[in-house]
Amino acid sequence: MTAPAEGAGGTPGDSGPTDADWAAAVAAVRGLSADARVLMICHVNPDGDALGSMLGFGLGLRRLGVRQLQATFPGPPELPESFGWLPGLDLLVPERAAYPDPDLVICFDAASESRLGDLVDRLAVAGTTLVLDHHASNTRFGRIDLVDPHAAATSVLAEGLLARLGVPLDAEIAACLYVALSTDTGSFRFDATTPAVHELAARLLATGIRPGDISRRIFDTRPFGAVRLFGEVLGRARLDPAAAGGRGLVWTVATLDDLARYDQPPHVLESLIDSIRVTAEAEVSCVVKQVAAEEWSVSLRSKGAVDVSRAAVVLGGGGHRFAAGFTGRGSADEVMDRVRAALDGALLPA
Ligand code: AMP
Ligand code: MN
Ligand code: MN
């Protein structure tokens, strides 16, 4: 996702994996037999961090000699074209083809089991389960959890584990991890962009990957139909100055009919929030994307005064303090009424 201050949440003392957690994760990988089946799963509707951390880590497992290795995610297997060049895509299988009884399941960038869709059943049958994530709301659903709410991206944890496994970074692994890191830091703009993030970026760039090419493919390429669709959907954005405790809310709605008129797939709308959240007069931004007749995928962003993950959790979703989402039901107006009510309960202390 593209989200401000990703990973900025977390409770005091929530300082990430312990040495014992890392050791358990290393042992789980090192202990795999030669014929072990490893299934990697990332969250539904994968973003750059979900996909990049999964494929980058998968390429590392392949370098270690893991032969039976699959990567998957719930829902339709199609990916946005912007990811169509990623190294390691040959690891991907549709969810229906995923090993029914893997020896090891590794989950990437999923805060809870609900983000795994129907693939959640693999957790119970797997020999062991390993969770790599950085959401403050992570429910620790793995047998081994490498969860660091202060990490800028799940790829930080993926790289940490690869390093402990002795897998050197190469250009293919680095390209995947760079996509993940640049996605979740908003191209190194959000507050989660620590010195350690830049040090990791430096190690990735040292493999020879080209950041200009990668950024253009991931962030700056869009079909003309999507450009015109954005124009229309942005043109009907609304500003509610009284919302979010008077700090202001900017929002818009995109319907399936909008997508059909411009002949665009739903995923083109994922970056729409980045064009909305620039609004100076609004603390919070919201995009309501139609999924079915009475079902909406809702994205929320905050500039810092509102904990949108708190609002999203109240509404059945989750995320980070300043970037969150949920699935809303009913009409778009009903969903927006619920968003306004939830935001009023999500103001952070000044
Ligand atoms: P998005 O607006 O889709 O880019 O998502 C922003 C953040 O909210 C991401 O970190 C997601 O993990 C989280 N998120 C989005 N939708 C949901 C959902 N339905 N349930 C839980 N978390 C969500
Ligand atoms: Mn994600
Ligand atoms: Mn992430």
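## A tour of the predicted model

Start with the whole protein chain. With 350 residues, a compact globule would have a radius of gyration near 20 Å, and this chain has 20 Å, so the two agree. Keep in mind that the model is predicted.

Stay zoomed out and turn the view along the principal axes. The C-alpha atoms fill a box of roughly 60 × 45 × 40 Å.

Switch to cartoon. You will find 13 helices and eleven strands.

Next, show the contacts. Count those between residues at least 6 apart in sequence: 67% of them join residues at least 24 apart.

The protein chain exposes about 14300 Å². Carbon and sulfur atoms supply 53% of that area.

Colour by charge. There are 31 positive and 44 negative charges. Their mean positions lie 3 Å apart.

Hide the surface and go inside. Buried residues make up 55% of the 350.

Select Met40, Phe57 and Ile106. These have the most contacts inside the largest nonpolar core, a set of 58 residues. Which helix gives the most to this core? Select residues 171-184: this is helix 5, and it contributes eight residues.

Last stop: select Val308, Ala332, Ala342 and Ala346. They belong to a second, separate core, which has 25 residues.

Methods:
Residues numbered from 1 in each chain as written. Chains lettered and ligands numbered in written order. Predicted model: local features only at pLDDT ≥ 70, side-chain atom pairs only at ≥ 80, totals over all residues. Heavy atoms only, no water. Helix = DSSP H or I, 4+ residues; strand = E, 2+ residues; numbered from the N terminus. Rg over C-alpha atoms; globule rule 2.2 N^0.38 Å. Buried < 20%, exposed > 50% of the residue type's maximum accessible area, 1.4 Å probe, protein only. Contact = heavy atoms within 4.5 Å. Areas by Shrake-Rupley, 256 points an atom, 1.4 Å probe, with all protein chains shown as cover. Lys, Arg positive; Asp, Glu negative; His and termini not counted. Charge placed at Lys NZ, Arg CZ, Asp CG, Glu CD. Core = buried A, V, L, I, M, F, W, Y, C linked by side-chain atoms within 4.5 Å.
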